[in-house]
Amino acid sequence: PSKWEDKDDSTIKISFLNCRSIKKKFEHIKADKCLLKSDLMILTETWLEQGQPELEYQLANYNANLSNRGRGKGIASYYNNRFKHSENINCEGLSLTKITSEKLDVIGIYRSKEGNLMNLISYLEDLINEEKTTIIGGDLNICVLKQPNNILTDGLKENGFKQIVTKATHIEGGLIDHVYIKQGPSIKFSWVLEDFP
C-alpha cells in the first residue's frame, strides 16, 4: 500500500481537490474511499451560492466550513478533530481558508484567472504564522510549467516555501494546482505527495 493507504495515526493526510461544482460531485465525494482517508480536505470551485443551505453538504466524521461564492467560485474545507477552522477571506477572484492544528497551518486557495496576485500575496502574508509549518495549496490558475518565475511562486520561494507539485494537474497539460510547504523553526515534517486522477 502507498503511504496514503497506510493506517498510521502519526501521519497527517491532507487533500486538495478542484471539485468544479460540489452540487454535481457530492455523491462521488461521499463515496470516494481514497479522499475520505483525509484528515483535512480542501475543495475548490464549489459553485455554491451564498445563503444556500449547507446541511446537505456535510460529511460523516468531518467538521465542515463552506465559503460560498457562486458559480465557478467558492471553497470548502472538511476536517477531523485534529484540526479547527481559523479564517476565511473572500474578495473578487479569490477565496482563501485557513485550517490549523497545534503544529501545522494549512491555507487553501481558489484563485480565478481574474484574481489579483498582489492581493493574494498580501492576504498570505497576513495568514502565515512563521512559528509553525505551513502548507499552502489549491487551484491558483497559474501554470508553473509555463510561468515558473511568476510573482506568487517567486515570492513564496523567497519566503522559504517549496512548491512540491511537479506534474501536470490539468487535462490540457498545465500545472495550475500548487502545493507549497515551509517548515516551522522547531517541528519538522517529512512529506510524500501522491496524485489521484
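Where does Asn61 lie? Asn61 sits in the loop between strand E2 (40–44) and strand E3 (63–67). Helices (H or I, at least four residues) and strands (E, at least two) are DSSP runs, numbered from the N terminus.

Before the views, a quick word on the model. It is predicted, so to speak: local features need pLDDT of at least 70, side-chain atom pairs count only at pLDDT 80 or more, and totals for chains, interfaces and linings use all residues. Residues are numbered from 1 along each chain as its sequence is written, and side-chain values use heavy atoms, with hydrogens and water left out.

**View 1. Asn61 and Asn141 have positive phi values.** Phi of Asn61 is near 70°, and Asn61 counts as exposed at 72% relative accessibility (exposed is over 50%, buried under 20%, partly exposed in between; 1.4 Å probe, protein chains only). For Asn141, in the loop between strand E8 (133–139) and helix H3 (151–158), phi is near 55°. Most residues other than glycine have a negative phi.

**View 2. Here is the largest nonpolar core, with 19 residues.** Such a core is a set of buried Ala, Val, Leu, Ile, Met, Phe, Trp, Tyr and Cys residues joined through side-chain atoms within 4.5 Å. Leu96, Ile107, Ile109, Leu120, Leu124, Ile136 and Leu152 touch the most other members. Two or more residues each come from strand E5 (84–91), strand E6 (94–100), strand E7 (104–111), helix H2 (117–127) and H3. H2 gives the most, with five.

**View 3. Lys23 lies in helix H1 (residues 22–31).** Lys23 is partly exposed, with a relative accessible area of 43%.
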